[in-house]
Amino acid sequence: MDYILVAVFSYIIGSIPSGLILGRLFWHTDLRAHGSRNIGATNAWRTLGKGAGIAVFIADCIKGQAGVLLGLSLPGTPIAAVIGGLFAIIGHSFSLFLRFHGGKGVATSLGVLTILMGNVTFLVFAIWLIIVYKTRYVSLGSVTAAVLTPILAAAFGYPMEYILFAMLASTLVILRHRENINRLIRGTENKI
C-alpha cells in the first residue's frame, strides 16, 4: 500500500506545472503560447530570459527530489525511492493538470539523481553543461546525458534498482526528445 501511495503522490507532485505557474505568476506569460510551447526550463530561458529558465529548472528539480524523499520516508527502501522518482518524472512529462502533456523530464530526472546517485549527477550535469556551452544545443546535451546516466550508474556499482531507474528515466527523456533528435539530424534544431 505504501508503494502505491508513493507512486500516486509522486505523480501528483510531478504533475505540478512549475513552468506554467512561474511564467504566469512572475512574467505574466503562458509558456504554452510561446517558443516551443513547452513548459520546461529551456523554453522558459528562451522565452522569458535566464532568470525564468533557472527558476523553472530548480522548481522541476525539486519535484524529482520530492518524489525520491517521499519514497525514502514512507517505505524507506531503495525501490520506493526509485518509484517516487520515476513517478515524479512521469507526472512532469504527462501532467494530470495539463491533459497529460508536460515537459521533457530532464530537470526532474536530474533532481531524482541528486538524491539517488550524487557522483553520477555531477558527471552528467558537467557533460550536459560542456555540450550545451560548446554547441548551444540543450537537446544534444540532454540526450547525451540521458544515454550516459545508466552506463555511469553501472560503472559506479549502484544497486540494480538504481540502474534500472536510470535506464527507464533515460529512455523516457530520449523518447520525449524524438522531435529534437530529428531536428538535430536535419540541422534545424534551435540553439539557446
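**Helices, burial and contact**

User: Which residues of helix α2 are buried?

Analyst: In α2, residues 18-27, the buried ones are Ser18, Gly19, Leu20, Leu22 and Gly23. Buried means under 20% relative accessible area, exposed means over 50%, and partly exposed lies in between (1.4 Å probe, protein chains only). Helices are DSSP runs of H or I with at least four residues, numbered from the N terminus. This model is predicted: local features need pLDDT of at least 70 and side-chain atom pairs 80 or more, while totals for chains, interfaces and linings use all residues. Residues are numbered from 1 along each chain as its sequence is written, and side-chain values use heavy atoms, without hydrogens and water.

User: What covers the buried residues of α2?

Analyst: The cover includes α3 and α4. Contact here means heavy atoms within 4.5 Å. Just after α2, His28 has a positive phi of about 50°.

User: Why is Trp45 called partly exposed?

Analyst: Its relative accessibility is 34%. That lies between the 20% and 50% limits, so Trp45 is partly exposed. Trp45 sits in helix α3. Leaving out residues up to four places away in sequence, Trp45 touches Lys50, Gly53, Ile54 and Ile192. Ile192 is 147 residues from Trp45 along the chain, yet their C-alpha atoms are 8.1 Å apart.

**Salt bridges**

User: What makes Lys63 and Asp60 a salt bridge?

Analyst: A salt bridge needs a side-chain nitrogen of Lys or Arg within 4 Å of a carboxyl oxygen of Asp or Glu. For Lys63 and Asp60 the N to O distance is 3.5 Å, so the pair qualifies. Both lie in helix α4, three residues apart, about one turn of the helix.

User: How do you know whether Lys63 is buried or exposed?

Analyst: Lys63 has 5% relative accessibility, so it counts as buried. Asp60 has 2%, so it is buried too. Opposite charges can pair when their charged atoms come close.

User: How many salt bridges does the whole structure have?

Analyst: A search finds five. One of them joins Glu179 and Arg183, at 3.9 Å from N to O. They are four residues apart in helix α10, so about one helical turn separates them. Glu179 is exposed, because its relative accessible area is 58%. Arg183 is partly exposed, because its value is 23%. Arg183 also forms a salt bridge with Glu189, with closest N and O atoms 2.8 Å apart. Glu189 is buried at 7%. Elsewhere, salt bridges with shared partners join Arg24, Asp30 and Arg32 into one network.

**The largest pocket**

User: What makes a space a pocket?

Analyst: Work on a 1 Å grid over the protein atoms alone. A pocket is an open set of points with protein on both sides within 12 Å along at least five of seven lines, and lining residues have an atom within 4 Å of a point. The largest pocket holds about 1200 Å³ of space. Of its 48 lining residues, the closest to its centre are Ser36, Asn38, Gly40, Thr42 and Lys104.

User: Which helices supply at least two residues of the lining of the largest pocket?

Analyst: Among them are α3 (41-48), α4 (50-73) and α10 (178-186).

How values were computed
1 Å grid on protein atoms, 1.4 Å probe; cavity = no way out; pocket = protein on both sides within 12 Å on 5 of 7 lines; lining within 4 Å. Points joined across faces, edges and corners; volume = space filled by probe spheres on them.
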